[in-house]
Amino acid sequence: MGIFDRFENAVEKGVNNAFSRVFKSGLKPVDINTAIRRAMDDNVRELSADRSVAPNHFVVRISPADLTGLGEELTVLADELQQEATQYAEDQSYALLGPVTVEFEASEDEASGQLDVQASTRRGAAAPATAVSASPQHPIVEVDGEKWLLTEPVTVIGRGSEADITVPDSGVSRRHLELRVTPTGVIATDLGSTNGTFVEGHRIDAATLVDGNQIVIGRTRILFWTRPASDHEQDR
């Protein structure tokens, strides 16, 4: 259950939790979520008959009073909105060029309870695999159930904020694993991590991956694909 469901349930039950206190002005999480979806729809670029790219960076402009009222809940709300927007892009078959990010900004132009969302596209080394299939040039990795398309030649996976794909695992180093797409294959390189990188159960310093390989860093399992999911089904 997301923030939006929890909030509505709290209102229905009369629960005076953090979110019912924060949004006394009338600005609710569902309002922000709806505005982000609308901004995504309004700024989709159709590259071909079967490929539409949606914006992935959203700035939510609200009144200074509403921004102050968010307080400590701001980060939690932004995280939930990012997850909701990513899921919406997948539901609509929108492609993304980078991870979804949501920021809040104070604006004197907005009255309390009102908001404006500005949408833009920011390219990243990895993007949620919402509407694309894996290929040798752009593999897909599944990290604990979340699928990421590798959009750049080099992608770093780790626990730190500087990683392209962040893993919330204390057994993973801040910059743990590098995936490098080359003309002869994708090379996985351990970046001097504390607990090592394992490919198909073998600890490696560097290894060329093949379709379907399993990589383990810390307690996190990563699956690697270079072919569409339909091809995997045919192999069974």
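Colleague: At what angle do helix α3 and helix α5 pack?

Modeller: About 40°, with their axes 10 Å apart. Here α3 is residues 29-42 and α5 is residues 74-91. Axes are lines fitted to C-alpha atoms over the stretch in contact, and angles run from 0 to 180 degrees between N-to-C directions. This is a predicted model: local features need pLDDT of at least 70, side-chain atom pairs need 80 or more, and totals for chains, interfaces and linings use all residues. Residues are numbered from 1 along each chain as its sequence is written, and side-chain values use heavy atoms, without hydrogens and water.

Colleague: Which residues of α3 make the contact?

Modeller: Pro29, Ile32, Asn33, Ile36, Arg37, Met40 and Asp41. Contact means heavy atoms within 4.5 Å. On the α5 side, they meet Leu77, Leu81, Glu84, Ala85, Tyr88 and Ala89.

Colleague: New topic. Is Arg61 buried or exposed?

Modeller: Buried, because its relative accessibility is 15%. Buried means under 20% relative accessible area, exposed over 50%, partly exposed in between (1.4 Å probe, protein chains only). Arg61 is in strand β3, residues 57-62.

Colleague: Which residues does Arg61 touch, beyond four places away in sequence?

Modeller: Glu105, Ser107, Asp109, Glu110, Gln114, Leu115, Asp116 and Gln118.

Colleague: And overall, how much of the chain is buried?

Modeller: 44% of the 236 residues. The chain has 6 helices and 17 strands. Helices are DSSP runs (H or I) of at least four residues, and strands (E) of at least two, numbered from the N terminus.
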